[in-house]
Amino acid sequence: MLDNKQLLYKILPYGCQMNFSDGERFAGQLERMGYKPADKMEDADIIIINTCCVRENAEKKIYGKIGEIKHLKQQNPNLILGITGCMAQKDGDKIFKKAPHVDFVLGTNKMYDLPAVLEEIYTSRGHIVKLAGDYDMPPNVEPAKNDSLFAYVPIMYGCNNFCTYCIVPYVRGRERSRAPEEIVAEITKMVQSGVKEVTLLGQNVNSYGKDRNDADFADLLTMVDKIEGIERIRYMTSHPRDLTDKVIAAIKNSKHVCEHFHLPVQYGTDKMLKAMNRGYTTAYYKELIAKIRRDFPNASFTTDLIVGFPGETDEDFSQMLEFLREIRYDAAYTFVYSKRSGTPAATMKNQVPEAIKKDRLHKLMDLQNEISLEINEKLLNQTVEVMVEGPSKTDKTVYTGHTRTNKIVLWQHKDEKVGDLVKVKITHPQTWVLKGELEA
Ligand code: SF4
């Protein structure tokens, strides 16, 4: 509180789940300092934009947002504007040149410096920039209290993989794993305050523990599975090359780890996987999926796919469609390759023209939608277990939730409550959602 005025904060996270989780940890620090969340940006005394730099378009949008906030600073000269996250790490004090109304820039790994930075700003206003230098393991920062059923929990930071299109290893450093007992204690506290589902986060969770000698990812899953009161455990992202038999066995032996495998393949030919430096072949990947299907016949599979990567030919693309027909994912997150300066792929020859990329993207999405619908139609008249999340956005009498396999289900509300596990009989399977009836 300053002059008896309740100070308010607003955090605008961009990009991946890791950034959303970091945003909750900025919020945690601010709340421990006495700030409360603002409903609108206009009411805030501090605005933090937690940025992403995976795509150049995302950066343009973020600079647009920073520009919009200038007029708020003119109305309220005490408003503090901070830029954090990956773009902050990459651009550093260049941000002040583009936007002098920004007060501070905090790079990745520097989240815990927020209270000290604010103190400095309150005593002597001026531009402050703190960037990660060595990418040591950062001190733990507790998130703000979570009133929802869901929580993201980072289990590690950084990435060692250097996929040729990706900027993340350059802005988040090498892999560092949090101590397993710290993760378990954090999740236990969350579950005691009402969280039922956690998603363990890392750029490659399968590498968890490689820099430690007390636990690997399989051990961690087993430990989290034993937490009293936890209902569901998910994790992302899982690099296919590093998914071990031990992890698959840990999932099989667990009660709460969901039967949903998100395994980003990125492309469906060996030539393109090599150009992307993904570290596996299509044959390896297909065998991995087959192995999981033998253990989990009802599991769902999702993936990430990039079209228009440099050097992609019509022949590559048609092999990619064939690959999709063979694997049959439940869903796929499809992206058009866009140049990210600072990565090897940005200077590769044979960049694909935009019109061709767009055409391929549409063809890919059409095929995936067809496959998703066919898979979902097989669920007609089947009963699925759903965790109740509450009313849908468009109709308060219709409730929504997810299956363990991460499919969205909608049904007419009766007397079920948020957080309950209910059975729903699927009556209208569609491409993106399953509509059904609540069973008694
Ligand atoms: S695994 Fe590849 S795509 Fe994922 S964060 Fe690391 S370098 Fe980027």
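Colleague: Is Cys86 buried or exposed?

Modeller: Bear in mind that this is a predicted model. The relative accessibility of Cys86 comes out at 8%. The cut-off for burial is under 20%, so Cys86 counts as buried.

Colleague: Which helix does Cys86 lie in?

Modeller: Look at the run covering residues 86-91. Cys86 belongs to that run, helix α4.

Colleague: And Cys52, buried or exposed?

Modeller: Cys52 sits in the loop between β3 (46-51) and α2 (56-68). Its relative accessibility is 11%. With under 20% as the limit, Cys52 counts as buried.

Colleague: Leaving aside neighbours within four places in sequence, which cysteines is Cys86 in contact with?

Modeller: The partners of Cys86 include Thr51, Thr108, Val171 and Arg172.

Colleague: UniProt lists Cys16, Cys52 and Cys86 for "binding site"; what is the largest C-alpha distance among them?

Modeller: That listing comes from an unreviewed UniProt entry. The three are spread over 71 residues of sequence, yet they cluster in space. Their largest C-alpha distance is 10.7 Å.

Colleague: Zooming out, how far apart are the C-alpha centres of domain 1 and domain 3?

Modeller: The domain assignment puts domain 1 at 8-130, domain 2 at 150-377 and domain 3 at 383-438. Between the C-alpha centres of domain 1 and domain 3, the separation is 37 Å.

Methods:
Residues numbered from 1 in each chain as written. Predicted model: local features only at pLDDT ≥ 70, side-chain atom pairs only at ≥ 80, totals over all residues. Heavy atoms only, no water. Domains from an automatic or database assignment. UniProt positions renumbered as here; feature names shortened; annotations may be inferred. Helix = DSSP H or I, 4+ residues; strand = E, 2+ residues; numbered from the N terminus. Buried < 20%, exposed > 50% of the residue type's maximum accessible area, 1.4 Å probe, protein only. Contact = heavy atoms within 4.5 Å.
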